[in-house]
Amino acid sequence: MISIIVPVHDEEQSLSTLHGELDAVFAGGALGPAEFIFVDDGSRDGSWNILAELCQRDSRVKAIRFRRNFGKAAALVAAFLSAGGDLVFTLDADLQDDPAEIPRFLAKLDGGLDVISGWKKTRHDPGHKVYPSRVFNWLVSSLTGCRLHDHNCGFKLYRSAVLKEVGIYGELHRFIPVLAHARGFKVGEVEVRHRARRHGVSKYGFSRFLKGFLDLLTVRFLTRFSQRPLHILGGIGLVLFGLGGLGMVYLAVLWLDPRNRPIGDRPLLLYSVANLVVGAQCVSLGILAELVTAYNIRAEDTYSIAETIPSKEGERAAEERGASAGARR
């Protein structure tokens, strides 16, 4: 089954049209059974009333309502936990993502991909959103190694195994492909049609890019050093401690020479002491982070299994054959 997940926030004018487009895509059953999961993320308009009506008209529709606005990542997590499909699509409710592109995503799965991200090559957004987004996408690809043209696109396809391993919180939803790539899943993209917004206004402003950069730093740390925090914190601390130590040795040599003036008014003294203190703090924080990691890490967090031979189904079948043979004896 395919699960279609749609986060909703004040999109009452778009929901009926979006449902009609989804219904047209899955009409006839050629793509297999599907479910449509809408998550009302604290809408203040009539979105929930529309969703309630859709649930009555179509048994494939499931609606979840938050008590307040918790954010897109929370809406996606709630839907992921509720989804029963082997494949999971996410798309926005503002009609800028075209459901008619869904078969093209499915066709791309034949290449063995686990995550397929949409690429809005031609965007119908203002320039102040397009150009900063291109810089951000380049930065994410460069720092993470997960090279996509459009990390911000909400139109994505996941195998359910990806979502079972990759956890998100805060505003890390746009980085699910990056987190999946770090776990060894195969990530690709497909060019999709991007439509101009018909109703409502964008929910994102300039602050989105600032938050996105901070989230990028978080993802960089999670994908490279989450299981060895001392390597980054301790490394920085040792460099600073070493620089501070060299500075203090140099000043000590000068102090021993009576021809030099006192060292107390030299800026190098302040810089060296600061490097020693900050360096020691970084090493201490790294050790504390290692202790926290050691007590909380799970074995399955250290690897990602692609396949097992024999499979769990095969093991169960062998156990059943053994039980049957024992009963006959």
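Close-up 1. Cys146 is buried, at a relative accessible area of 2%, while Cys55 is partly exposed at 27%; here buried means under 20% relative accessible area, exposed over 50% and partly exposed in between (1.4 Å probe, protein chains only). The structure has zero disulfides, a disulfide being a pair of cysteine sulfur atoms within 2.5 Å. A word on the source: this is a predicted model, where local features need pLDDT of at least 70, side-chain atom pairs count only at pLDDT 80 or more, and totals for chains, interfaces and linings use all residues. Residues are numbered from 1 along each chain as its sequence is written, and side-chain values use heavy atoms, with hydrogens and water left out.

**Close-up 2. His9 and the backbone of Asp41.** Look for His9 in the loop between β1 (2–8) and α1 (12–25). Its side chain reaches the backbone oxygen of Asp41 at 3.0 Å. His9 is buried, with 19% relative accessible area.

**Close-up 3. The salt bridge of Asp23 and Arg60.** The closest N and O atoms of this salt bridge are 2.4 Å apart. Asp23 lies in helix α1 and Arg60 in the loop between α2 (47–57) and β3 (61–65), 37 residues apart. A salt bridge here is a side-chain nitrogen of Lys or Arg within 4 Å of a carboxyl oxygen of Asp or Glu, and the whole structure holds ten.

**Close-up 4. The salt bridge of Lys72 and Asp92.** These side chains meet at 2.7 Å, N to O. Lys72 sits in helix α3 (residues 72–82), and Asp92 in the loop between β4 (87–90) and α4 (102–108). Both Lys72 and Asp92 are buried.

Definitions and conventions
Helix = DSSP H or I, 4+ residues; strand = E, 2+ residues; numbered from the N terminus. Polar contact = N/O pair within 3.5 Å; in protein donor to acceptor, adjacent residues only side chain to side chain.
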